[in-house]
Number of protein chains: 2
Amino acid sequence: MRKEITLKELHTDNFISEKINEIKNIVGEGTAINALSGGIDSSVVTLLGHRALGPRLRTIFVDNGLMREGESSEVIKMFSGFGIDVEVLDARDKFFSALKGITNPEEKREAITQTFYKDVFGKCVRESEARHLLQGTILTDIDETVAGIKRQHNVFEQLGIDPEKTFGYKIIEPLIQLRKAGVRKVGEALGLSREMFERIPFPGPGLAARVIGEVNPERIKTVRKATSVIERILSSSGAFQYLAVLHEDRVTGINAGRREFGQQIEIRCWDSVDARTATPSNLPFNILRELADKIIEEVPGVVSVTYNITTKPPSTIEAI
Amino acid sequence: MRKEITLKELHTDNFISEKINEIKNIVGEGTAINALSGGIDSSVVTLLGHRALGPRLRTIFVDNGLMREGESSEVIKMFSGFGIDVEVLDARDKFFSALKGITNPEEKREAITQTFYKDVFGKCVRESEARHLLQGTILTDIDETVAGIKRQHNVFEQLGIDPEKTFGYKIIEPLIQLRKAGVRKVGEALGLSREMFERIPFPGPGLAARVIGEVNPERIKTVRKATSVIERILSSSGAFQYLAVLHEDRVTGINAGRREFGQQIEIRCWDSVDARTATPSNLPFNILRELADKIIEEVPGVVSVTYNITTKPPSTIEAI
């Protein structure tokens with residue numbers, strides 16, 4: 001494995017031209033495919049790949065129905081600004097079918113991963129001519145993988161491709177020697193906008209990670225609306241991360257003078273440097289009250305709002 | 001029905017001696033019985049009854065297992081200071097059996113009410129010689145009762161007594177012309193301690209009203225510990241009411257470096273005059289952080305703590 005390129009060693013112009021050449025050399029006259037999530041890693045890979053291959057790179061954006069408000073259209077628009085025509089796969093029904101009736105958080109994550117790899121993106125890769133897969137793996141992802149796993153083999157297996165039967169598949173990971181800060185620096189040099197860097201972290205399973213209990217279109221709609229309110233009010237807070245959690249527990253509320261068991265939204269807003277440890281932000285009380293009032297006003301069915309006041313550890317950033 | 005005695009009209013010494021005479025006249029040479037919850041109304045009735053009847057009033061304290069830490073022993077001790085020997089009925093098993101498997105809040109309340117009236121206190125009344133029942137009903141309770149209900153008949157029915165079959169039962173309600181402030185004034189004149197008046201409100205179903213999902217001894221133990229921490233830290237806050245809610249939803253936490261689905265405690269602390277409307281107290285952030293840290297530290301299994309930031313309405317004071 002090639003060794004780390006530290007932030008100090010990283011010369012972005014050199015790095016970019018080296019990677020473009022590498023991708024060109026590996027793919028040759030063939031075609032490549034990649035999945036764009038809208039996160040920084042897959043965005044940088046998409047830009048490098050298109051600089052190398054132009055339209056011979058197919059970039060797929062999977063709409064899993066678990067995104068934030070306006071998120072997919074913003075991503076498409078941003079890449080369109082770079083002259084890149086991202087293909088959108090509307091797979092919302094597939095994800096919601098896979099999630100139906102599941103309440104266990106691990107099973108939820110597994111259903112989302114399986115649907116993405118095997119069913120949606122895997123199918124797309126298998127049906128395409130492309131034999132080269134571009135991936136935004138970074139060094140930190142490798143650190144987090146248990147040693148000894150044959151990763152390349154694993155990725156294809158996830159995609160439902162048996163590399164021993166179907167020869168010729170190759171994986172290309174241009175960012176594998178970088179960590180997050182390096183990827184940001186390269187992204188900046190490639191012309192990614194400030195908004196892109198300033199976007200707060202969003203988990204892989206999307207809003208599904210913020211719904212306790214079953215994930216369905218209605219409950220995603222509820223947590224999406226609450227997320228919009230929170231991101232709108234806290235965008236200038238300077239916090240590391242802020243999010244809404246929709247609880248499964250019902251609490252008593254009063255609606256038009258009558259008792260009603262309503263839903264509860266939990267707000268989390270974190271101060272953190274690297275997400276490994278975090279403390280709840282000391283938000284002014286009038287902001288907390290504004291958050292609660294606006295969520296009650298704008299999100300139907302919600303009668304109660306809480307603010308998480310635990311540190312990480314023992315809490316985690318996301319709820320599930 | 002006799003008319004209200006306003007706070008202005010209330011002359012406590014006259015009121016007390018009138019009520020003592022009334023109780024003496026009604027009970028004559030018989031015996032009476034009453035249930036003491038530890039709340040202000042039943043405490044005042046117990047004191048009036050004992051001033052009138054001495055040991056011919058049997059005062060029963062039902063330990064339902066749903067009380068706060070040390071609550072039953074404090075009540076017993078306080079009345080012992082007045083020379084009153086309160087009988088404790090340990091009915092914890094009966095209440096927990098009745099609550100087993102019930103998650104619907106209305107069914108929970110109903111199970112507690114039924115167990116108290118029919119099973120525990122009702123049985124006690126039926127087996128006793130007493131034909132007079134002292135009750136701490138106040139005018140506000142009557143206002144809240146739907147007009148037209150035959151209350152006396154109802155109380156006996158609740159106790160499993162058919163007044164048409166078993167003649168001679170009488171209900172005595174010495175506080176029926178007063179509201180809360182009047183009861184407090186009478187209590188003070190009877191020598192009830194400041195602590196008694198300053199105790200924050202506690203709901204009828206006890207800690208069961210603060211457990212979302214099934215009520216069992218282990219979960220009551222959890223919410224009781226959290227309640228102790230909150231009452232200790234917020235006792236000088238001047239807030240109208242503060243309480244802990246144990247959620248059924250599990251959230252991810254980190255315990256000794258490993259992911260673990262743990263429990264969440266919600267803190268509610270209200271500013272209010274009469275509980276009809278309320279706003280969350282603007283507690284200093286260091287107090288919120290102290291609350292979270294101490295709950296995590298002292299209550300096993302809890303990995304997450306939130307603070308409710310909703311007003312009433314649309315929220316309610318208690319969670320269920």
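Reader: Is B:Phe82 buried, partly exposed or exposed?
Author: In this predicted model, B:Phe82 has a relative accessibility of 32%, so B:Phe82 counts as partly exposed.

Reader: How many aromatic pairs are there over all chains?
Author: A search of the whole structure gives 6 aromatic pairs. One of them joins B:Phe79 and B:Phe82, with ring centres 6.2 Å apart and planes at 45°, so this pair is tilted.

Reader: And B:Phe79, buried or exposed?
Author: B:Phe79 is buried, at a relative accessible area of 0%.

Reader: What about B:Phe116 and B:Phe121, stacked or tilted?
Author: Stacked, because their planes are at 20°, and under 30 degrees counts as stacked. The ring centres of B:Phe116 and B:Phe121 are 5.6 Å apart. B:Phe121 is buried at 3% relative accessibility, whereas B:Phe116, at 22%, is partly exposed.

Reader: Which residues form the ring cluster in chain A?
Author: A:Phe116, A:Tyr117 and A:Phe121 are linked into a cluster by ring pairs.

Reader: Which ring does the charged end of A:Arg131 sit over?
Author: The ring of A:Tyr169, with the charged end 4.7 Å from the ring centre. In chain B, the charged end of B:Arg68 sits over the ring of B:Phe202, at 4.0 Å from its centre.

Reader: Switching to helices. At roughly what angle do α1 and α2 of chain B cross?
Author: Helix α1 (residues 12-27) and helix α2 (residues 40-53) of chain B cross at roughly 60°, and their axes come within 8 Å. That angle makes α1(B) oblique to α2(B). The crossing is right-handed.

Reader: Which residues make that contact?
Author: From α1(B), B:Ile16, B:Lys19, B:Ile20, B:Ile23, B:Lys24 and B:Val27. From α2(B), B:Leu48, B:Gly49, B:Arg51, B:Ala52 and B:Leu53.

Reader: Over to chain A. What does A:Ile20 touch?
Author: Leaving aside residues up to four places away in sequence, A:Ile20 touches A:Leu48, A:Arg51 and A:Ala52. A:Ile20 is part of helix α1 (residues 12-27) of chain A, and A:Ile20 is buried, at 10% relative accessible area.

Reader: Is the crossing of α2(A) and α8(A) left-handed or right-handed?
Author: Left-handed. The axes of helix α2 (residues 40-53) and helix α8 (residues 180-189) of chain A come within 10 Å and cross at roughly 45°, so α2(A) and α8(A) are oblique to each other.

Reader: Which residues of α2(A) meet α8(A)?
Author: A:Ile40, A:Asp41 and A:Val44. Their partners in α8(A) are A:Lys180, A:Val183, A:Arg184, A:Val186 and A:Gly187.

Reader: Backbone next. Where is the cis peptide bond in chain A?
Author: A cis bond joins A:Pro313 and A:Pro314, with omega about 5°. A:Pro314 lies in the segment after β9 (302-308) of chain A. In chain B, the bond from B:Pro313 to B:Pro314 is cis, with omega near 10°. Most peptide bonds are trans.

Reader: What is phi at A:Ala275?
Author: About 75°, a positive value although A:Ala275 is not a glycine. Most residues other than glycine have a negative phi. A:Ala275 is in the loop between β7 (258-271) and β8 (279-280) of chain A, and at 23% relative accessibility A:Ala275 counts as partly exposed.

Reader: And what is phi at B:Ala275?
Author: Near 75°, a positive value. B:Ala275 sits in the loop between β7 (258-271) and β8 (279-280) of chain B. B:Ala275 is partly exposed, with a relative accessible area of 23%.

Key:
Residues numbered from 1 in each chain as written. Chains lettered and ligands numbered in written order. Predicted model: local features only at pLDDT ≥ 70, side-chain atom pairs only at ≥ 80, totals over all residues. Heavy atoms only, no water. Phe/Tyr/Trp six-rings, centres within 6.5 Å; stacked < 30°, edge-to-face > 60°. Buried < 20%, exposed > 50% of the residue type's maximum accessible area, 1.4 Å probe, protein only. Lys NZ or Arg CZ within 6 Å of the ring centre and 35° of its normal. Axes fitted to C-alpha atoms, helices over the stretch in contact; angles between N-to-C directions. Helix = DSSP H or I, 4+ residues; strand = E, 2+ residues; numbered from the N terminus. Parallel < 35°, antiparallel > 145°, perpendicular 65-115°, else oblique. Left-handed = near helix turned anticlockwise from the far one by under 90°. Contact = heavy atoms within 4.5 Å.
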